[in-house]
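Good morning, everyone. I would like to take you through one model this morning, and I ask you to keep the picture in view while I speak.

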There are 2 protein chains.
Amino acid sequence: MTAKTLSPNLPAQASETSQPAGGHEAVLEFEEGIGALFGDLAELFGNPRSYGLIYGILFASREPLAMETIAERLSVSMGSVSMGLRRLEEFGAIERERGAGRGTALFSAKLEMRLLVGGFLRERVLPRIAATGTQVETLTSLLPSLPPEERKISTQRLERLSRWHSRAKSILPFIEKLLGGG
Amino acid sequence: MTAKTLSPNLPAQASETSQPAGGHEAVLEFEEGIGALFGDLAELFGNPRSYGLIYGILFASREPLAMETIAERLSVSMGSVSMGLRRLEEFGAIERERGAGRGTALFSAKLEMRLLVGGFLRERVLPRIAATGTQVETLTSLLPSLPPEERKISTQRLERLSRWHSRAKSILPFIEKLLGGG
DNA sequence: ATATTGCTTCATTTTGAATTGAAATCCATG
DNA sequence: CATGGATTTCAATTCAAAATGAAGCAATAT
């Protein structure tokens, strides 16, 4: 973590000379693999790939990592890493450790999938489901102004939607528990 | 469905004059609202918004709709609608009805959420989960080449990942059942 | 206090996914 | 079995989401 504080932001293309010592090629390959795995999963559910990459590299790493290290390994800007770390922290999926008497903060993954999944459900899915509730209400208030021949069928469809909505809402905690890996 | 076959592809900005008769403004607003709702949900899980819009308009509609009608109402090109309909059909969420003795095919939504959710899980999630399995295997084969001090912890993390993976795989059917709305 | 280093923010740029649109294909009908 | 409309395909384009990076802010060290 010494020196090299110039260019606070550049993507830093994998400086070949900065590994601890011993040049353990395979360690990087391993980390990259785990990163890719989480990156793919993140993408699948509509999250930026980079968030997955960041979580992955932390998940794979034996020790907590500094922002700069993460930026270097992933070849992305500090800005991106900062954003991603914040989001992951909101999800409750990583931990920030502001080492006492120390400039740089260190980050580590909380290993329980439960937290990652839960964070996603809480931060992304729940708000969306709530919004769906509002939308259903709005649509319901529209029913009276529909022409009679439409009204009946529209009411039925809306009811179906409404039932599904309450169901989905009440079931989220179970999903979280199931997918958390018990 | 008669006439107006010129311009087979243009986005067709909501021709104000082509409603059946009676000018039921509210019906369109209702359809649009349902469309938006499904559009948002589609987006949430990383699907193109337009797929949701298409499903939504079909879900709201009393009668089956032709491609051209859908394209007009959503103001998108026939190409997009064609793509979207195909995907939704693969999901098993809509039905194509090639009316006997008739040029144009008609589409209608299957109303059971079960099918929509199931289709998404089957077509999108399952393949991705399978890929994750492969990735875990690949990474496992990498373990021996890691330096000893890394090997132990990496093995543990991979095991954790592997456990989560099998669990997720075996639990998908339950999720489908739960979210299907019983 | 002040300088220095670490981190965040956000206007701009980039990038890749979704959409378009025109050509190719399909398929019912005369 | 030829025609014409309906549908699909896919290269090119568009556009929104993500990444960049420089300026601003905060924390730490001097």
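What you see is a predicted model, in which local features need pLDDT of at least 70 and side-chain atom pairs count only at pLDDT 80 or more, while totals for chains, interfaces and linings use all residues. Residues are numbered from 1 along each chain as its sequence is written, and chains are lettered from A and ligands numbered from 1 in the order in which they are written.

Chain A averages a pLDDT of 88, with 86% of the residues at 70 or above, pLDDT being the predictor's confidence in each residue, from 0 to 100. Among the elements of chain A, the lowest mean pLDDT, 94, belongs to α6(A), and the highest, 98, to strand β3 (residues 106–109); helices here are DSSP runs of H or I of at least four residues, and strands are runs of E of at least two, numbered from the N terminus. Over residues 1–7 of chain A the pLDDT stays under 50, and the model has 2 contacts beyond four places in sequence for them. Residues 12–23 of chain A also stay under 50, with 9 such contacts, where a contact means that two C-beta atoms, placed from the backbone, lie within 7 Å.

Now to the helix pair. The axes of α1 (residues 25–44) and α2 (residues 49–60) of chain A come within 7 Å and cross at roughly 140°; axes are lines fitted to C-alpha atoms, for helices over the stretch in contact, and angles run from 0 to 180 degrees between N-to-C directions. By class, this contact of α1(A) with α2(A) has 12 nonpolar, 4 polar and 4 charged residues, counting Ala, Val, Leu, Ile, Met, Phe, Trp, Tyr, Cys and Pro as nonpolar, Asp, Glu, Lys and Arg as charged, and the others, Gly among them, as polar.

How many residues of chain A are in contact with chain B? There are 48, and they meet 48 residues of chain B. On the chain A side, α1, α2, α5 (113–142) and α6 (148–180) each supply at least two residues, and the largest share, 14 residues, comes from α6(A). That side divides into 27 nonpolar, 10 polar and 11 charged residues.

In chain B, an open sheet of 3 strands has the order β1-β3-β2 with antiparallel pairing, strands being paired if DSSP finds at least two bridges between them. β1 (65–66) and β2 (94–97) of chain B each have a single partner strand, so one side of each is left without a neighbour in the sheet. β2(B) is joined to β3(B) by 4 bridges, and R96(B) has F107(B) as its bridge partner in β3(B). Helix α2 of chain B lies across β1, β2 and β3, running at about 85° to β3(B).

By contrast, 6 of the 8 residues of helix α3 (residues 67–74) of chain B are buried, so α3(B) is largely enclosed by the rest of the structure. These buried residues pack against α1 (25–44), α2, β1 and α4 (78–91) of chain B, and just after α3(B), S75(B) takes a positive phi of about 55°.

How values were computed
A residue is buried if 20 or more other C-beta atoms lie within 10 Å of its own, exposed if 12 or fewer, and partly exposed in between; C-beta atoms are placed from the backbone.
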